[in-house]
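Here is a briefing on one predicted model. Please look at the chain below before reading the notes.

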Amino acid sequence: MKATERFRRTAVSGLVAVLAVAGLAACTPEEIQAYMDVTEQHHDVLTWDQLKQLRMCESGDDYAAIGGGGRYRGAYQFSRSTWNGVADRWYPWLEGQDPAGADTWWQDAMARALWAESGRGPWPHCGRQVTA
């Protein structure tokens, strides 16, 4: 089995586990595959463990977190302007959505996309805590 095929199967298995834990097991295999296809360019940016490290530091693993007097929102504490900028470049249907109200898997995808663009920079404290 090719490494890319092994990665894809591992990623799909990981996503299915995440969706099941999040109470979203009602997703069909086709819906899961569509998500994987749309977000594929960022899958290798951060592992699930690295996303969790970032999320735990930023929000205590709370996808609905609101910090900084309302300025930073969601699991990865996006400002609305940063969220909208990333959405505009990668996932336009998320533009204008409140990060704290966005589905968990889209928050993860947006964090990966921003990390791909800017590395640890957008998360000056917590980004340094993400380890390999």
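Gly119 follows helix H5 and has a positive phi, near 65°. Helices (H or I, at least four residues) and strands (E, at least two) are DSSP runs, numbered from the N terminus. Residues are numbered from 1 along each chain as its sequence is written, and side-chain values use heavy atoms, with hydrogens and water left out. This is a predicted model, where local features need pLDDT of at least 70 and side-chain atom pairs count only at pLDDT 80 or more, while totals for chains, interfaces and linings use all residues.

**Helix H5**

- H5 has 15 residues and spans 21 Å from its first C-alpha to its last, close to the 21 Å expected at 1.5 Å a residue. The expected span is 1.5 Å times one less than the number of residues.
- In H5, 12 of the 15 residues are buried, so the helix is largely enclosed by the rest of the structure. Buried means under 20% relative accessible area, exposed over 50%, and partly exposed in between (1.4 Å probe, protein chains only).
- The buried residues of H5 include Trp105, Trp106, Met110, Leu114 and Trp115.
- Gln107 is found in H5. At 2% relative accessibility, Gln107 counts as buried.
- Contact means heavy atoms within 4.5 Å. Not counting residues up to four places away in sequence, Gln107 touches Tyr63, Gly74, Ala75, Tyr76, Trp83, Pro99, Ala100 and Ala102.
- Arg112 lies over the face of Trp48, at 4.4 Å from the ring centre. The rule for a charge over a ring is NZ of Lys or CZ of Arg within 6 Å of the ring centre and within 35 degrees of the ring normal.

**Disulfide**

- A search of the whole structure finds one disulfide, defined as a pair of cysteine sulfur atoms within 2.5 Å.
- Cys57 and Cys126 form the disulfide, with their sulfur atoms 2.0 Å apart.
- The torsion about their S-S bond is about -75°, so the disulfide is left-handed.
- Cys57 lies in helix H3 (residues 48-59) and Cys126 in the segment after H5 (104-118), so the pair ties together parts 69 residues apart in sequence.
- Cys57 counts as partly exposed at 27% relative accessibility. Cys126 counts as buried at 5%.

**Leu54 in H3**

- Leu54 lies in helix H3 and counts as buried at 0% relative accessibility.
- Leu54 touches Tyr76, Trp115, Trp123, Cys126, Gly127 and Val130, not counting residues up to four places away in sequence.
- The C-alpha atoms of Leu54 and Val130 are separated by 6.1 Å, though the two are 76 residues apart along the chain.

**Aromatic pairs**

- Rings of Phe, Tyr and Trp (its six-membered ring) pair if their centres lie within 6.5 Å; planes under 30 degrees apart count as stacked, over 60 as edge-to-face and the rest as tilted.
- By this rule the count comes to seven aromatic pairs.
- Phe78 and Trp123 form an edge-to-face pair, 6.4 Å centre to centre with 85° between the planes.
- This pair links distant parts of the chain: Phe78 is in the loop between strand E2 (72-73) and helix H4 (80-90), and Trp123 is in the segment after H5, 45 residues apart.
- Phe78 and Trp123 are both buried.
- Ring pairs link Phe78, Trp83, Trp115 and Trp123 into a cluster.
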